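Keep the viewer open as you read.

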Amino acid sequence: QVQLVESGGGLVQAGGSLRLSCAASGRTLSSNGMGWFRQAPGKEREFVASISWSGGSTYYADSVKGRFTISRDNAKNTVYLQMNSLKPEDTAVYYCAASAGKSYDSSWYSNPDGDFLAWGQGTQVTVSS
């Protein structure tokens with residue numbers, strides 16, 4: 001059974017940066033699409049970014065495009081989310097998720113009943129103004 005553990009969240013001032021990590025255990029995910037999602041208080045969970053199994057292709061939500069970068073190190077079974085120029089509206093619990101297969105595009109991340117292999121427990125990111 002695969003487990004995903006996020007880390008790297010915290011409190012940061014607007015304009016600052018954080019780097020989130022998502023470490024997988026239980027099986028290798030080098031052939032799986034991966035993604036980051038977030039949920040702010042009182043709001044539904046939303047897509048942030050996704051990455052192909054090889055790391056060669058990515059997708060981003062419009063709200064984070066140009067500020068966030070998703071990457072992966074398959075040798076370490078870890079996915080990262082570098083967040084720069086953070087804004088108060090980025091405040092949320094950030095979750096990583098693994099696709100059950102290679103899917104990582106909108107057919108996967110836009111479908112709440114999609115093919116998700118596992119979710120992490122989440123890490124809190126708070127951006128102060």
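Predicted model: local features only at pLDDT ≥ 70, side-chain atom pairs only at ≥ 80, totals over all residues.

Residues are numbered from 1 along each chain as its sequence is written, and side-chain values use heavy atoms, with hydrogens and water left out.

Start with the greasy part. In soluble globular proteins, nonpolar side chains tend to be buried together. Here the largest nonpolar core has 35 residues, a core being a set of buried Ala, Val, Leu, Ile, Met, Phe, Trp, Tyr and Cys residues joined through side-chain atoms within 4.5 Å. Buried means under 20% relative accessible area (exposed is over 50%, partly exposed in between, with a 1.4 Å probe and protein chains only). Leu 4, Trp 36, Leu 81, Met 83 and Tyr 94 have the most contacts inside this core. Strand 9 (residues 92-99) gives the most to it, with five residues; strands here are DSSP runs of E, at least two residues, numbered from the N terminus. Click on Met 83: leaving aside neighbours within four places in sequence, its contacts (heavy atoms within 4.5 Å) include Leu 18, Phe 68, Tyr 94 and Val 125.

Now for the covalent link. The count comes to one disulfide, taking a pair of cysteine sulfur atoms within 2.5 Å as the rule. Cys 22 is joined to Cys 96, S to S 1.9 Å. The pair links distant parts of the chain, with Cys 22 in strand 3 (residues 18-25) and Cys 96 in strand 9, 74 residues apart. The link is right-handed, with 50 degrees about the S-S bond, and both cysteines are buried.

On a 1 Å grid over the protein atoms alone, a cavity is a set of points where a 1.4 Å probe fits but cannot get out, while a pocket is an open set with protein on both sides within 12 Å along at least five of seven lines; lining residues have an atom within 4 Å of a point. Volumes are the space filled by probe spheres set on the points, which are joined across faces, edges and corners.

The largest pocket holds about 170 Å³. Its lining has eight charged residues, two polar and two nonpolar (Asp, Glu, Lys and Arg count as charged; Ala, Val, Leu, Ile, Met, Phe, Trp, Tyr, Cys and Pro as nonpolar; the others, Gly among them, as polar). Among the lining residues are Arg 38, Lys 43, Glu 89 and Asp 90.

Methods. Helix = DSSP H or I, 4+ residues; strand = E, 2+ residues; numbered from the N terminus.
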